[in-house]
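This report considers a predicted model.

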Amino acid sequence: MNVGQPVTLDDHVVLVTGGGSGLGLGLTRYFTDIGAQVIVLEYDVNKVKALQAEFGDRVLAVVGDVRSVADLQHCRDVIVERFGRLSAVVGTQGISDGVVRVEDMTAEHIDALFDEVFGVNVKGYMLTAKVFLELLRADRGAIVLTASQAAYAADGGGIVYTASKGAVTSLVNQLSFEFAPEIRVNAVAPTGIGKSELRGPETLHLQDSKQSDSADVFREQFEWLAPMQHLPDPEEYGPLYAFLASRQNQIMTGQTVIADQGALNRALISMGDLIKRMPKA
């Protein structure tokens, strides 16, 4: 590869799990624009219909749940029938835990919330890695998962979401070790995503709530805090995910890239000046 060569996904067949909205949809748009054949595995039938309406034959949209072995195997069979191979899996599915404090939940809530959030955010990645292992190995492909800054700093979620994203970073470490040298395994840990469709958990009756419900307030607060003063939309994460998913990446595996617009570099001495510029709620 020539230094400075633009990342391309020409001749790549890429599966995006949870690609019907938010980050996954943005990546699907970006990947198709740079040449990939994209398959989307999406739980929501209405989102699948929306994908078909937007992309037509350019994207193969499959209804399925990442927690279901049968659904994942069906998706694999469809990919084999249509393309005969798979270059990369990009995992973007996820749900939040409602960012509810421990003291505001019952022990029963935590019990059920753990199963719900870890089922989607962690088990879904484990099962996907297993079901698509041989296809990826045959193509010397890549897995790119989605972690979060919440795995590194408090206040990005509640205890269950934060723990699930910490588990993703450890999962990347283990999978990269087991799958080397044939498969590269990495993750991206975003902080804020504009137009995020991350929904809340059914356990707390928040399944109809989305981060985008308070998008304007979140954008103002995030851009006030983050040194780069910019909240990226999903497509802006595309180049980073594309590089990690592509054959052009021959230098990284077992890594979680923190894409946080500098937010972990939090103000200390200059906090007083920062507070003066805080947007009003």
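## A salt bridge between D65 and R67

D65 and R67 form a salt bridge in which the closest N and O atoms are 3.0 Å apart. D65 is buried, its relative accessible area being 15%, whereas R67 is partly exposed at 31%. Side chains of opposite charge can pair when their charged atoms come close.

## The network around D139

In total, 9 salt bridges are counted in the model. Four residues, D11, R85, D139 and R247, are linked in a network of such bridges.

R85 counts as partly exposed, with 24% relative accessibility. D139, at 18%, counts as buried because the cut-off for that class is under 20%.

D139 also forms a salt bridge with R247, at 3.3 Å from N to O. This second pair links distant parts of the chain, 108 residues apart: D139 is in the loop between α5 and β5, and R247 is in the loop between α8 and β7. R247 is partly exposed, with a relative accessible area of 32%.

## Helix α8

Helix α8 spans residues 238-245 and is mostly covered, with 6 of its 8 residues buried. These buried residues are G238, Y241, A242, F243, L244 and A245. They pack against helix α1 (22-33) and against the strands β4 (88-91), β5 (142-146), β6 (184-190) and β7 (256-259).

## Helix α6 and residue S164

Helix α6 has 21 residues and reaches 30 Å from its first C-alpha to its last, close to the 30 Å expected at 1.5 Å a residue. Its buried residues include V160, Y161, S164, K165 and V168. The elements covering the buried residues of α6 include α4, α5 (133-138), β5, β6 and β7.

S164 belongs to this helix, which covers residues 159-179. S164 is buried, with a relative accessible area of 0%. Leaving aside residues up to four places away in sequence, S164 touches V117, F118, N121 and V122.

## F114 in helix α4

F114 is found in helix α4 (residues 107-131) and is partly exposed, with a relative accessible area of 40%. Beyond residues up to four places away in sequence, F114 touches G119 and V160. The C-alpha atoms of F114 and D97 are separated by 8.7 Å, and the two residues are 17 residues apart along the chain.

How values were computed:
Residues are numbered from 1 along each chain as its sequence is written. This is a predicted model: local features need pLDDT of at least 70, side-chain atom pairs count only at pLDDT 80 or more; totals for chains, interfaces and linings use all residues. Side-chain values use heavy atoms; hydrogens and water are left out. Helices (H or I, at least four residues) and strands (E, at least two) are DSSP runs, numbered from the N terminus. Buried means under 20% relative accessible area, exposed over 50%, partly exposed in between (1.4 Å probe, protein chains only). Contact means heavy atoms within 4.5 Å. The expected span of a helix is 1.5 Å times one less than its number of residues. A salt bridge is a side-chain nitrogen of Lys or Arg within 4 Å of a carboxyl oxygen of Asp or Glu.
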